[in-house]
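Me: I would like to learn how to read the metal sites and cavities of a model. Please take me through this one.

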Amino acid sequence: MTGLSRTSLPMSRVVERHLSRRAVLAGGTAAMALATVRPVLAQSTPPFAELAVGLDDKDHVAPGYRAEVLIRWGDPVLPGAPAFAPGAQTGAAQQGQWGHNNDYLCFVPLPGAARPGEHGLLCANHEYTSTELMFPGLNAKTIADVRKAHTPAMAGVEMAAVGGSIVEVRKADGQWAVVAGSKYNRRLHAATAFALTGPAAGHPRMRTAADPEGKTARGMLACCAGGMTPWGTWLAGEENIQNFFMGRLADDHPEAANLKRYGSTGRYTWGTVDPRFDVTKEPNEMNRAGWVVEIDPLDPASTPRKHTALGRFKHEGATVVVNADGRVVCYSGDDERYEFVYRFVSKNRFDPANRAANLQLLTEGTLSVARYNANGTLDWIPLVHGTGVLTEANGFRSQADVMIDARHAARLSGGTPMDRAEDIETSPVTGKVYVAMTYNERRKPAEVDAANPRAENRYGHIIEMIPPGGNHAADRFGWEMFLLCGDPSKPEHGATFHPATTPNGWFGMPDNLAFDRKGRLWVGTDGNEPGKTGRGDGLWLVETEGPMRRRATHFYRVPAGAECTGPFFTPDDETLFVSIQHPGDDGPSYPAHGRFSSADDPSTRWPDFKADMPPRPSVVAITRIGGGAIG
Ligand code: FEO
Ligand code: CA
Ligand code: CA
């Protein structure tokens, strides 16, 4: 998320901050710029008492802060939706309830709210479903048992439990609550219709039996991280789409190579219920997933869209910044080993007075892939049909082909294969862009390069990208290795945290990123566990500028099996929403459980801790006791 996009509506504030940012980016008027942004102050002591690392069945926050559950999987979203009933779930009920495995969050202040940090619309991605933790009575001891016990009715619940949710939320007397029955409350799921925009919309490779025009795709699938635009819309990146599809195409099928890049794994059996999830029956359906989707939470009747101009790959997220010249830039990583980092630059310019025009900015522009050079420069290589290698001779007959096969185009064009690019965020203070590579334990010594400098990269790293003079649309950036993660006390890890980082302060597997308005980076992790880093996943504050650059401090820890996703600050920095995904997952790696974790025998029953309640992915609101900005 960018500071610009986190600005409260109305747009006058956006414009004000946009202008101050333009001053920064223009250079030469630095004094004026510094008067309008708060400088990052060097601090010798951490801004809060550090939380101790560990792992148990609960969540924990640093002393002086409160972490309270705001909404849980199964809680009613739409008016009339029933209360959550474990063991008696139906697809119809789930379509009105908060979905499973919440990931990215954004908070869109309601126009006219007296306190924009206390009243708005909370938007959440529901990335996927953990079948074994959703349904009691499966009598499963392995994932194979879960597959065998899976029924069409369960698939119906799961298809309704993915996608996204919007709820109106309000803070009163320091307490956040969902506004029940709000006209803004909305659910999107596997059957929701999305309009396709951009060069691939309507292309023959996007057409199916149910959609002969190829202009309407159903389903918001595998949405992982995302972004919020300066015009107050919510972006979500469709990531591991392959999990929802089953079947295999013959090697000579025209889409075989394309599908192979993703792999249809048959993790779910949805294809037995709905043929579009069986690639042998509907080979083009998977071309209609893997995009950045845009949803307008302020207009509950609006049709959500999938923007094909931003390319099709396993989008971790989509982070928007308004460039100094008004063009809109969207950064996105592809979270798979040896895939790429991308940038989209809009053709048209952001107009703070014309929201209708802004809603079209992501439909037209240029997608580029990043090549990180060893000399500290970064080239953005445009993926434009008919230029370079993107010609018919190489299988690209149109820009639609380039967008549908963006991964293939990026590889042929010379992008740098990365160690699983996760979230990307831009500092609201410096304009530098940060991208987390979570890990790639498979990188061989011969494959090491400057931007992925460790073989068997088990702990991940964070790269800092530097737009020259703040120009996010420039062809060439600078870049620097910001942070190599791992245990600084073990030289073999090669970690580069600031020496003032305590034994609680370091982490591995960086994933979701957020900036506060002071320009400090907050890193959510995915994959820490006792056998790997001796700690559970959570959230760490990492300073990016000044003498304490690279010092990390532990702030929040999630329950066993969970991942800390979706960190998002309200515009006043007084609330930090986090999304607790898949609590109770992966029982064997949690020593206190040590066996398969299921709804009947979970490693945690967070957050309800009731005998009949499975663990429930939930959103937590973190506030400072006594009020004030976080950290
Ligand atoms: Fe859904 Fe890349 O994590
Ligand atoms: Ca992620
Ligand atoms: Ca991850």
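Reply: Start with Asp 511, which is buried, with a relative accessible area of 1%. Buried means under 20% relative accessible area, exposed over 50%, and partly exposed in between, with a 1.4 Å probe and protein chains only. This is a predicted model: local features need pLDDT of at least 70, side-chain atom pairs count only at pLDDT 80 or more, and totals for chains, interfaces and linings use all residues. Residues are numbered from 1 along each chain as its sequence is written, chains are lettered from A and ligands numbered from 1 in the order in which they are written, and side-chain values use heavy atoms, without hydrogens and water.

Me: Which residues coordinate the calcium ion (ligand 3)?

Reply: Donors are N, O and S atoms within 2.8 Å of the metal (3.2 Å for Na, K and Ca); water is not among the atoms, so sites may look incomplete. Here Glu 422 (OE), Asp 511 (OD) and Asp 526 (OD) coordinate the calcium ion (ligand 3) at 2.3 to 2.5 Å. Asp 511 sits in strand 25 (residues 510-515), and Asp 526 in the loop between strand 26 (521-525) and strand 27 (538-542); the pair links parts of the chain 15 residues apart. Strands (E, at least two residues) are DSSP runs, numbered from the N terminus.

Me: Is Asp 526 buried or partly exposed?

Reply: Asp 526 is partly exposed, at 21% relative accessibility. Glu 422 is buried at 2%.

Me: Which residue bridges the calcium ion (ligand 2) and the calcium ion (ligand 3)?

Reply: Glu 422 does, and the two ions lie 4.0 Å apart. Glu 316 lies in the loop between strand 13 (305-307) and strand 14 (319-322) and Glu 422 in strand 21 (residues 421-426), so this pair ties together parts 106 residues apart in sequence. Glu 316 is buried, at 0% relative accessible area. The protein donors of the calcium ion (ligand 2) come from Glu 316, Glu 422 and Asp 511, at 2.3 to 3.1 Å.

Me: How many cavities of 30 Å³ or more are there?

Reply: On a 1 Å grid over the protein atoms alone, a cavity is a set of points where a 1.4 Å probe fits but cannot get out; lining residues have an atom within 4 Å of a point. Grid points are joined across faces, edges and corners, and a volume is the space filled by probe spheres set on the points. The count is 1. The largest cavity holds about 40 Å³. Its lining includes Val 292, His 315 and Leu 367. Strand 15 (327-333) and strand 17 (341-349) each supply at least two lining residues.

Note on methods: Helix = DSSP H or I, 4+ residues; strand = E, 2+ residues; numbered from the N terminus. 1 Å grid on protein atoms, 1.4 Å probe; cavity = no way out; pocket = protein on both sides within 12 Å on 5 of 7 lines; lining within 4 Å.
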